[in-house]
Amino acid sequence: MSDVTDDAKLLSDAENSPTTAPETPEPLKPQVTRTLWGDAWYRLRRNKLALVALTWLLIVIVAAVTADLWVIPLYGPPNYINTQTAAADRLEPPSIHHPMGTDDLGRDVFSRVVYGARISLTVGVAAVLVSVVIGLLLGALSGYYGKFVDTTIMRIADIFLAFPYILFAILLLSVLPPSERGMFPVIVTIGVLGWPSIARVFRSSILSVKEADYVEAGRAVGASDARLMARHILPNAVAPIIVYATMSIGGAILTEAALSFLGLGVQADPVKAPNAVSWGRMISDGQNYLMSNPGLIVWPGLAILTTVLAFTLLGDGVRDALDVKMKD
Amino acid sequence: MAEHKLLEVTDLRMHFFTRDGVVKAVDGVSYDLDRGETLGVVGESGSGKSVSAMTLMRLIPMPPGKIVGGEAMFRGNSLLTMSDRDMRDIRGNEIAMIFQDPMTSLNPVYRIGKQLGEPLRLHKGMNKKQAQERAVELLDLVGIPHASSRVKDYPHQFSGGMRQRVMIAMALANDPDILIADEPTTALDVTIQAQIIELMEELQQRTGAAIIMITHDLGVVADMADRILVMYAGRAVEYGTVDEVFYRPMHPYTWGLMDSLPRHDMTEKGELCPIKGQPPSLIHVPAGCSFHPRCPYAKERCRIEEPPLRAVEGSHLAACHFAGDSDFSRDELECAGVSA
Amino acid sequence: MLQYIGRRVLQFIPVFFGVTLILFFITTILPGDPIKMRAGEKSMSPAVYQQLRHDYGFDQPWYKQYINYLEALAHGDLGTSISTGRPVNEIIAESYPYTVELAFAAIVIEIIVGVGVGIVAAVKRYSVWDVMATLSTSILVALPVFWLGIMLQYIFGIWLKGATNGNFYLPVSGASGDGFSSFAHLILPAITLASVSTAYAARIMRSQLLEVNNQDYIRTAHAKGLSPSGVLRKHALKNALIPVVTFIGLDLGAMLSGAVLTETVFNWPGIGFTIARAAFALDYPVVFGGTVIVLFAVMFINLLVDISYAFLDPRIRYGGGSAGE
């Protein structure tokens, strides 16, 4: 239904990415035989913006993964309230001890931001994985078998797409009692909201590949459906998915932040998840102190912005590297 | 005061300055055009024949393009240095151009009548009604049936051949002195090609316009042209009347072109004679004569010195050091081709 | 073309039913019990509890509840709010106009700024303007909307107030009913809501215009002697705008679904805010009724946009193929 705008959006992303160079012919270099992926990696390496984005993401990931080792000893745990010092330490501006200051409960903001990265990255990647798994499966069935299967699945996709995004997420999550909420429901919710787009992209990929000559050739030699699917169709159709998925991670992170902001997201649980912090939640908590300590809101916001931007730029770079023309 | 020719192009050079180097798309093109005359410009893809015409019309984006030399005088006025305003007055009015692919050359969201009427309203100041009436006449002129109802249709409702007719009508709307036709039949079926050529000849008779016919099809040119300009790698390599170029070609490249034509009157089977090698990249044009790497007759001098386009026999020009030398002639080839 | 419209309308129907069904399911497999929530801390006698359950129809099997609801829907009756006891129709009628107001303000911004920036960026490709436009749109698209809203509140509501000694600032909360004051309240929320969409609109406009400019018919237009601005206005824009208009139309639909985040940050009493709050309170009639109305509005607008596309592009309007030579 909104195919035109989907295409227009994807094309506009391609045209508008800061990493897309104006068209000039490739300089003549001796052609070393390379694999498809090796070639793509070479192209990605040449893309400066994408490299910066990738570097930043690696820094964030490493920082988040190793947080227990260095953040807690230096700045204290993100959720721990030291009742003795809390009152004295609260709402401090940035300093050596607290690079981003402290919040209203005396907790170090930097520590919270780093631990928040864990949540955002985990939710972002996991949710997209869920979407991709569902989307690939349904998209494949739809594209390969066509006719009735196709129509049904696409109709269901339309139904999911008809729901206003945030509203649907709110509905799904608010149905859960507060005790049940946490990372898992959020991942499932965002994942379930995202599958229709992936299914559509994959389906159209398959449709265009399906009719290709080399698939006909395979069929002529007697290959079974599953074999054709696995060996021939999938590898070629998968490139746009990789691009789309990378860019979707950014969107998933934004959604997670929004849901946490509304109070529906990840909660800290002294037993199960003592260090669980969400950037969105930090922003919502910080609203009360907007006048005095805007930093409480600025830091997590910047964290979200830079991380999402990095994923978007990386996605652009991946798309250019794989030379995927996302327009039909 | 000497009588001005309609169009005089002298050593025109236009290069593209890109990140990867300077593309010498047009690097030395010269010819004249008289009223009512047809000039055929032939060459392979990438020879610069289309680009040189677009340069005349100043339709090349500058940057990255830049005119680095030469002159093009239309009725004594320089096309290259006149103001943008003056150039726009000429385009679609005194000099008109039609392009290769009729399927995409018309705006899909406007009716044919409106697009036909645009040059009329722009240059002749007609109002909507007048333009529409004239549009119907023009459609009729180019042989489109039911012109008065077709004028309200959209481009996608016309076939390729018909769209090309519309393009011709649009170009001739203001009675131009020169019509530049850039590969007008290449994208059409062979039978339609013949019709379009015929139409153009007929209209030329009627209006007296000069035509510059750009094509890689020697057959088309043999039919229509009075004079021929052969281009290679952005340069003019031979220029003469159609008889001179076809029956007494002077440049080895032209020989190669003629030889590569398949013949339909052979009595025995033989092989085709392509010219060996590939056209050069326009960024790395060979030194000296640009054809020398592929020329079976190349000597040391050809590697070093660029041959000027010079008169070999009256107004028959060729850009080869040895053209016209008494001992320089075409070899007999074993493969099928036009015999020397 | 009638075929095209007919097909679209036909697709609309199963989607509508599917959507309402799913919505219904979500609200019936609820672990939480809305009546108990309404009662709050006070305990309720079993008799009263059963009575309330019966009144709201919760004691019937789900498919019956669904049918009842559809019937009521057909009559325009959306039930009663559990939290407040007011008719859902009333609640919706009260809050929807605010959302509409906000959406239209945002769309105006999106059209003027988005399309304008997109055109400038395309026309002056590779220039400073283009680079700035590309960068700022990339950033805007990565911004959390609610964070932008809060930042705007800070800059224009708090910092500005301080910087001008309390003389000049923009209101940051709520919407008041009367004239100019209402407009002032509208500014920040509208900008916030418009931000991401405007970025997308600008990008789409730019890429469409760049693509159109590469088309052969633009070259033909130049060859006719049209000035560059003439070519842009008469030929390029008309083609490039088609997908952009479609996008903006669909965006309007999305905004009319209640911009929950923006409305929450600015305390804007629109339908998004209302539904979200009701969802927290497990006030299902409001949630369901509100969502159904919103869905209807969105799907209707999407349908209109689809149909308008047929009008904008003559190739669809006059589907007919070419006549013979």
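In chain C, take contacts between residues at least 6 apart in sequence: 73% of them join residues at least 24 apart. Contact here means that the C-beta atoms of two residues, placed from the backbone, lie within 7 Å. Keep in mind that this is a predicted model, where local features need pLDDT of at least 70, side-chain atom pairs count only at pLDDT 80 or more, and totals for chains, interfaces and linings use all residues. Residues are numbered from 1 along each chain as its sequence is written, and chains are lettered from A and ligands numbered from 1 in the order in which they are written.

So what is chain C built from? It has 14 helices and 0 strands. Helices are DSSP runs of H or I with at least four residues, strands are runs of E with at least two, and both are numbered from the N terminus. Of the 325 residues of chain C, 42% are buried. Buried means 20 or more other C-beta atoms within 10 Å of the residue's own; 12 or fewer is exposed, in between is partly exposed, and C-beta atoms are placed from the backbone.

Next, domains. Chain C is assigned domain 1 (2–74) and domain 2 (91–312). Such bounds come from an automatic or database domain assignment. Between these two, 16 residues of domain 1 touch 14 residues of domain 2. On the domain 1 side, H1 (2–28) and H2 (34–39) of chain C each supply at least two residues. H1(C) has the largest share, 11 residues. By class, that side has 12 nonpolar, 3 polar and 1 charged residues. For the classes, Ala, Val, Leu, Ile, Met, Phe, Trp, Tyr, Cys and Pro count as nonpolar, Asp, Glu, Lys and Arg as charged, and the others, Gly among them, as polar.

Now one helix pair. The axes of H5 (residues 88–123) and H12 (residues 271–280) of chain C come within 7 Å and cross at roughly 135 degrees. That makes H5(C) oblique to H12(C). The axes are lines fitted to C-alpha atoms, for helices over the stretch in contact, and angles run from 0 to 180 degrees between N-to-C directions. Under 35 degrees is roughly parallel, over 145 roughly antiparallel, 65 to 115 roughly perpendicular, and the rest oblique. From H5(C) come C:Ile91, C:Ile92, C:Ser95, C:Tyr96 and C:Thr99; they meet C:Ile271, C:Gly272 and C:Thr274 of H12(C). This contact has 4 nonpolar, 4 polar and no charged residues.

Against chain B, 22 residues of chain C meet 27 residues of chain B. Which helix of chain C gives the most to the side that touches chain B? H9(C), with 6 residues. This side divides into 6 nonpolar, 9 polar and 7 charged residues.

Stay with H9(C). Its buried residues include C:Tyr217, C:Thr220 and C:His222. Their cover includes strand S6 (95–98) of chain B, together with H10 of chain C. After H9(C) comes C:Gly225, with a positive phi near 100 degrees.

Last, chain B itself. It is divided into domain 1 (102–173) and domain 2 (248–332). Their C-alpha centres lie 43 Å apart.
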